[in-house]
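Subject: Structure for your review

Dear colleague,

Please find below the structure that I am handing over to you.

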Amino acid sequence: MVLHIFNPEHDIALSYDNKYFTPPHAGRQLRYDLDYLPALWAKDGDCIMVGNTTSAMVHARRFMAHVQRVRFISQDEVASVADEIESVSPWGWDSAIKFQLMKLGIHEDVLPSDAELSEIRTLSNRRFSAHVLQQLQQDMQLPFLCGEAFYVESIPALKDVIQSFGKAIIKAPWSSSGRGVRYIEQAMDAAITSWAARVISQQGGIMVEPYYNKKKDFGMEFFVDAAGVHYAGLSVFHTINGAYVGNSLSTEDEKRQMLAPYVDNRVLDRLAEHLTQLLNDHLKGKYQGPLGVDMMVVANQNTAADTTSGFFVHPVVEINLRRTMGHVALSLSKEERFQQRMMRVDYDGAHYHLHTIHKEQRF
């Protein structure tokens, strides 16, 4: 069987790179409240580690009819099924989740080695995303693709790049969605300079990008196995101030129609093809599991736009070497009753909740 774990604190754990890492309260709460999510993609007979098995079953039943085909187990029960576990599938791999699983009795031979975890962490650095972005633009040579990202290792170098951009965004190399990001109007103030210096000291450098006039978020989801990288589907998602809010639940054709006013479908096909090959070149033999590439439609750039739409596509905003909420949306979209709806994650001040709502309801 496969043991599944939802560990959404993964991105923060990567930045600390410490097996003894303790996530902040918000990360622990999100994990506890949505730990049933792997039931949406787990196969018959698989196990899912959760905080409360009864609560997990109740929540999972809202989204699937055959919850009884997977087994929810508590941490205390993991050791009793350790000999039956052939592989482990977390939200994302890092040294902290490996250490937690070993303490619970999972055999080390079904876990990634420390060298493999180090490789995953390196490839999860936003510097890798910038490298893939540059390669993709060189390969495709399309005038309506945009995007620049630079890795700098000092405050003077950072200020020089920001000055050349004017309005800019700086990002910690490892950080979770909506966090580790600062917006610069013209120059860094003392607070942002102090934050950037701390990031450089802790993570070795910092990313800087021009500010883009974003019109729509979307992405592409992939899976990697021993044979290589495979395209899984589109993700049309929604953010507020850079933080994830929810996804559209639709068929692939419907999502392509949503993006058609901005991006020609033939461009989407070419992007998927080129990204699959590029990611395969970089990841085959180094990583197996889900991954997502965040993209966005932007407007008002300084170069000639696609004359058919007037918009540009930033094809690699971020590469997430883990499962994403886009993968969750792909799983839910397989059921017809959820199509034409929106998936969103809400926080009521105490707990996180996953909902599906009618598209007419606003985010």
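**The nonpolar cores**

Leu-275 is in contact (heavy atoms within 4.5 Å) with Val-132, Leu-136, Met-220, Phe-222, Val-293, Met-295, Pro-315 and Val-316, when residues up to four places away in sequence are not counted. The model is a predicted one: local features need pLDDT of at least 70, side-chain atom pairs count only at pLDDT 80 or more, and totals for chains, interfaces and linings use all residues. Residues are numbered from 1 along each chain as its sequence is written, and side-chain values use heavy atoms, with hydrogens and water left out.

Leu-275 and Leu-3 touch the most other members of the largest nonpolar core, which has 61 residues. The largest share of this core, eight residues, is supplied by helix 11. A second, separate core holds 27 residues, among them Leu-34, Leu-37, Met-325 and Tyr-352. A nonpolar core here is a set of buried Ala, Val, Leu, Ile, Met, Phe, Trp, Tyr and Cys residues joined through side-chain atoms within 4.5 Å. Buried means under 20% relative accessible area, exposed means over 50%, and partly exposed lies in between (1.4 Å probe, protein chains only). Helices (H or I, at least four residues) and strands (E, at least two) are DSSP runs, numbered from the N terminus.

**Helix 6**

Helix 6 covers residues 114-124, and its buried residues are Leu-117, Ile-120, Arg-121, Leu-123 and Ser-124. Seen down the helix axis, these buried residues fall within an arc of 165°, so they line one face of helix 6; the arc is that of the directions from the helix axis to the C-beta atoms. The elements that cover them include helix 1 (10-16), helix 5 (95-103), helix 7 (126-140) and helix 11 (265-283).

Strand 8 (residues 206-210) is largely enclosed by the rest of the structure, because five of its five residues are buried. In a regular strand, side chains alternate between the two faces of the sheet. Both faces of strand 8 are covered, with Ile-206, Val-208 and Pro-210 buried on one side and Met-207 and Glu-209 buried on the other.

Strand 5 (residues 150-152) runs antiparallel to strand 8 and is joined to it by three bridges; Tyr-151 has Met-207 as its bridge partner. Strand 6 (residues 168-171) is also antiparallel to strand 8, over four bridges, and here Ile-170 is partnered by Val-208.

Ser-175 sits in the loop between strand 6 and strand 7 (181-184) and is buried, with a relative accessible area of 15%. Its side chain makes a polar contact of 2.7 Å with the side chain of Arg-126. Beyond its neighbours within four places in sequence, Ser-175 is in contact with Asp-11, Arg-126 and Gly-180.

Asp-11 also makes a polar contact of 3.0 Å, side chain to side chain, with Arg-322. Arg-322 belongs to the loop between strand 14 (312-320) and helix 12 and is buried at 10% relative accessible area. Residues that Arg-322 touches include His-10, Trp-91, Tyr-287 and His-327.

Asp-348 lies in the loop between strand 15 (341-347) and strand 16 (352-358). A polar atom of its side chain is 2.7 Å from the backbone nitrogen of His-351, and the side chain of Asp-348 also makes a polar contact of 2.9 Å with that of His-353.

**Positive phi angles and cysteines**

Asp-17, which is not a glycine, has a positive phi of about 50°. Asp-17 is located in the loop between helix 1 and helix 2 (25-33) and is partly exposed, at 45% relative accessibility. Gln-340 likewise has a positive phi, near 65°; this residue is in the loop between helix 12 (325-333) and strand 15 and is partly exposed at 42%.

The count of disulfides (pairs of cysteine sulfur atoms within 2.5 Å) is zero. Cys-47 is buried at 0% relative accessible area, and Cys-146 is buried at 8%.

Yours sincerely

Notes
Polar contact = N/O pair within 3.5 Å; in protein donor to acceptor, adjacent residues only side chain to side chain. Pairing = 2+ DSSP bridges.
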